[in-house]
Amino acid sequence: MEELAKLPLPEAFLEFLRENELDPSIYTAVDSIPRYIRLKEESEAYLEEIEAEIECKLEKVDWLDGFYGLPPCVKIAKSRAYREGKLYGIDAASGAAVSAMNISVGDHVLDLCAAPGAKLCMILDILGDTGSVTGVDVARHRLAACRTLVQKYALGDRCRLFVADGTTFSLGPTRPQLNSGSVSQSERKDESALEQRSETFGEWTSRRPWKERKRAAKAIESAASELFPRIEHPELIFYGCHSGISGLSRSELYQSVVNSEVSLSGYDKVLVDAECTHDGSIRHVQKFENWGWATLQRRVLDAERTDSLTNLQLKLLTNGFRLLKVGGSLVYSTCSCPE
């Protein structure tokens, strides 16, 4: 107990750790915890070259394919391998969540809380030139970071990214048999639906049409004042050339999956890496030394916030199961100790 008193952690957090039977000393060992990187599958042939450039021997992680550990003091951001997209930083715990999905060739995968994107990149890398990945996140600026990553690492051909509320997102994977273009009688009578059908998606470009920019600006403005913004219609901010989007009309893309269709048209694999308090992340807790321990009290120990997050996680998990194909697999992960 004398050693605990010397730790730079507030008493309220120490009590929280004791209640969860966790050793507080692990939160002060950050300098001895290795960082992890993953080499893209075609980049492992360059291992010796990469090690020579960063002047460090990479330690292979036997239980995670493509993962290597390195000391936290080693910088990779300026290395040629990093700039060329041969490797990317990702926690081993994040890699374990993706590995648990047991992704197979041709799978259609939903990442329901995709930002900031490391797991999304790993999923895409595993799938290669098969299947598809749909990334969803409620925070547009964070999902934009995902878009930057998949483009940097040239992994986005079979990816599409939606700014949307993961608790209500209801679009299935784009499959050839779903793109028949058939329109119900009620849609034909709906003038707005006809207008949407006339807008066909072409090849992805970062320069969006004026109408689309206007819709996006309106959605952002209406959600700006909310803690967890409710996004009425998913905003498509990226799609790859083999994602199944090109050639679709807006009405075809935004056809929601109803419960009766999920068995055939749901996702093969779903990842729900839910928003949480991050108290199980050693590196995250260390950041509170700079942010202020009062911030930790508000974001980790506050009972009202914890209850709110628990409710949010349940909704995300429920919707993830709803979108899962019969016989598919869902992985739920957090970096929180009690959850």
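**The sheet and its helix**

Guide: Strand S1 (residues 35-39) runs antiparallel to S4, and three bridges join the two. Leu 39 has Leu 87 in S4 as its bridge partner. The model is predicted, so local features need pLDDT of at least 70 and side-chain atom pairs pLDDT 80 or more, while totals for chains, interfaces and linings use all residues. Numbering starts from 1 along each chain as its sequence is written, and side-chain values use heavy atoms, without hydrogens or water. Helices (H or I, at least four residues) and strands (E, at least two) are DSSP runs, numbered from the N terminus; strands pair if DSSP finds at least two bridges between them.

The open sheet has four strands in the order S2-S3-S1-S4, with antiparallel pairing. Contact means heavy atoms within 4.5 Å; axes are lines fitted to C-alpha atoms, for helices over the stretch in contact, with angles from 0 to 180 degrees between N-to-C directions.

H6 also meets helix H7 (residues 140-152): their axes come within 9 Å and cross at roughly 35°. Ala 118, Leu 120, Cys 121 and Leu 124 in H6 contact Cys 146, Leu 149 and Val 150 in H7. By class, this contact has seven nonpolar residues, no polar and no charged ones; Ala, Val, Leu, Ile, Met, Phe, Trp, Tyr, Cys and Pro count as nonpolar, Asp, Glu, Lys and Arg as charged, and the others, Gly among them, as polar.
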